[in-house]
Amino acid sequence: MPEIITARGSVDTSRLGVTLMHEHVVTRSPGLFEAWPHLWDRGAEMQRAVGLLSGAAAEGINTIVDLTTIDLGRDVAFVRDVAKQVPVNIIMCTGVWRNPPRYFQQADADHIADLFVRDIEEGMEGTDVRAGIIKLATEPDVDELNDKLLRAGARAHRRTGVPISTHHDVSTGCGLRQQDVFESEGVDLSRVVIGHSGDTADTDYLVSIMKRGSTIGMDRFGIDRFLPTAERTETVARLCEVGYAGQMVLSHDANSYMDTIPPAVKAERMPNWHYLHISRDVLPALRQRGTPQEQIDTMMVHNPRHIFERQGAY
Ligand SMILES: [Zn+2]
């Protein structure tokens, strides 16, 4: 059986179960807590993360994909230690978000790809935890540096077979440009998740991405300022009705801790932005709306498993 790499070691893909394809454990300003360690209470944040993920497991979440890159303050040892204490598979990522190291400005795409491949094959940040997915981000649109980073990720994907998951900006429609770059690198677009697609209710646009083979990430449930839950849910339901359940994954882009929005502020301003909003609120609303349970299982269980089961370099 195919295995995938998690923060706790490799897991048979049949054990992924209900999977949230775009979440975070902690996101932090890179370097902040190295400079001022008194700002980071590792013990307290460990407890918070263990508590939230244990709670998610108790309500049926089996796996989360932690798309925290180095420029979001990835802390592999922290997530590894969380993973040891919770009955949830945590798949970690390599790649880069919107604030890449300045070093990448002069490095060529193949050298950056080498770094991503090293994270996938050898381990990250001096640990033996390997990356199971490649995160790439474009906002507002593909420029020269972003083009290089997308190519680096595409090459690391083809060298390792590990899937790609993106952050994209629906306001510019750059998901299609991400696909253009991947296609020109010979990437099979069905092995790519175009993320943050759920920030729009424009189903024509979303279908145009899926027609090229990719899965779309309906992955910010609970961030109402980008699109309220009711509209996100209706968009998913409509796309299910016209046959696209097999190309959508649902998630929150939530976290246990982020330094830019302290937990108390988050709880007050964004009360539904947590690991269980989909299970508690969105799936019941979809059922109410008439989406068959079989299609819900497709999005929550089968599509994630399928994405991770397609392995091997090409
Ligand atoms: Zn994210």
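Q: What covers the buried residues of α8?

A: The cover includes α7, β9 (192–194), β10 (215–218), α9 and β11 (248–250), where helices (H or I, at least four residues) and strands (E, at least two) are DSSP runs numbered from the N terminus. This is a predicted model, in which local features need pLDDT of at least 70 and side-chain atom pairs count only at pLDDT 80 or more, while totals for chains, interfaces and linings use all residues. Residues are numbered from 1 along each chain as its sequence is written, and side-chain values use heavy atoms, with hydrogens and water left out.

Q: Which residues of α8 are buried?

A: Buried means under 20% relative accessible area, exposed over 50%, and partly exposed in between (1.4 Å probe, protein chains only). In α8 the buried residues are T203, Y205, L206, V207, I209 and M210. Six of the eight residues of α8 are buried, so this helix is largely enclosed by the rest of the structure.

Q: How do α7 and α8 pack, and at what angle?

A: One compares axes, which are lines fitted to C-alpha atoms, for helices over the stretch in contact, with angles running from 0 to 180 degrees between N-to-C directions. Helix α7 (residues 175–184) and helix α8 (residues 203–210) pack at about 10°, and their axes are 10 Å apart. The angle makes α7 roughly parallel to α8 (under 35 degrees; over 145 is roughly antiparallel, 65 to 115 roughly perpendicular and the rest oblique). The contact (heavy atoms within 4.5 Å) is made by G175, L176 and Q179 of α7 and by Y205, S208 and I209 of α8. These residues divide into three nonpolar, three polar and no charged; Ala, Val, Leu, Ile, Met, Phe, Trp, Tyr, Cys and Pro count as nonpolar, Asp, Glu, Lys and Arg as charged, and the others, Gly among them, as polar.

Q: Which residues coordinate the zinc ion?

A: Donors are N, O and S atoms within 2.8 Å of the metal (3.2 Å for Na, K and Ca); water is not among the atoms, and sites may look incomplete. Here the zinc ion is coordinated by H22 (NE2), H24 (NE2) and D253 (OD), at 2.0 to 2.1 Å. Along the sequence the donor residues are spaced H-x1-H-x228-D. Both H22 and H24 are buried. D253 lies in the loop between β11 and β12 and counts as buried at 10% relative accessibility.

Q: Which backbone features deserve attention, and where is phi positive in a residue other than glycine?

A: The backbone torsions are the place to look. D253 has a positive phi near 60°. H196 likewise has a positive phi, about 65°, although it is not a glycine; H196 lies in the loop between β9 and α8 and is buried at 1% relative accessibility. The peptide bond from E139 to P140 is cis, with omega near 0°, and P140 lies in the loop between β7 (133–137) and α6.

Q: Is V236 buried or exposed?

A: V236, in helix α9 (residues 229–241), is buried, with a relative accessible area of 1%. Leaving aside neighbours within four places in sequence, V236 is in contact with M218, F221, M248, L250, L286 and M299.
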